[in-house]
Amino acid sequence: MDDVIALDRRISNQIDKGRGIRFSQEELDLLVLIGAIDVVKAVASEAMKKRAEARQREREARIAEREGFSPRARISRQATEAEIEAASRRARRAFGGRDK
């Protein structure tokens, strides 16, 4: 348990300083064991799903435009990209990465 506390302290310090971090093999193993990698994968999976949904809406909008309809798919696509970027920033902050 002390290892988790020490790792948290190290990550938090680097986040406070706005700096990157390199993990040792032991630290990476610890991140896997406590489920941190599962969180990253879940966020990435959700982002990919939202991107796929946005692409599908775009395809449907193009088809609808050709058929004479005027859907509002572009407005929802912009919101989706903002959500994806926000999720990416949260994941980078949580694991010691830098915001773009």
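The dialogue below turns to helices and a nonpolar core.

Modeller: This is a predicted model, in which local features need pLDDT of at least 70, side-chain atom pairs count only at pLDDT 80 or more, and totals for chains, interfaces and linings use all residues. Residues are numbered from 1 along each chain as its sequence is written, and side-chain values use heavy atoms, with hydrogens and water left out.

Colleague: Which residues of α1 are buried?

Modeller: An α-helix has 3.6 residues a turn, so residues three or four places apart point the same way. Helices are DSSP runs (H or I, at least four residues), numbered from the N terminus. In α1, Leu 7, Ile 11 and Gln 14 are buried, meaning under 20% relative accessible area with a 1.4 Å probe, protein chains only. Seen down the axis of α1, these residues fall within an arc of 60° (taken from the directions from the helix axis to the C-beta atoms), so they line one face. The face turned away carries Asp 2, Arg 9, Asp 16 and Lys 17, which are exposed, that is, over 50%.

Colleague: Which residues form the largest nonpolar core?

Modeller: In soluble globular proteins, nonpolar side chains tend to be buried together. A nonpolar core is a set of buried Ala, Val, Leu, Ile, Met, Phe, Trp, Tyr and Cys residues joined through side-chain atoms within 4.5 Å. Here the largest one has six residues: Leu 7, Ile 11, Ile 21, Leu 30, Leu 31 and Ala 36. The elements giving two or more residues to this core are α1 (2–17) and α2 (25–33).
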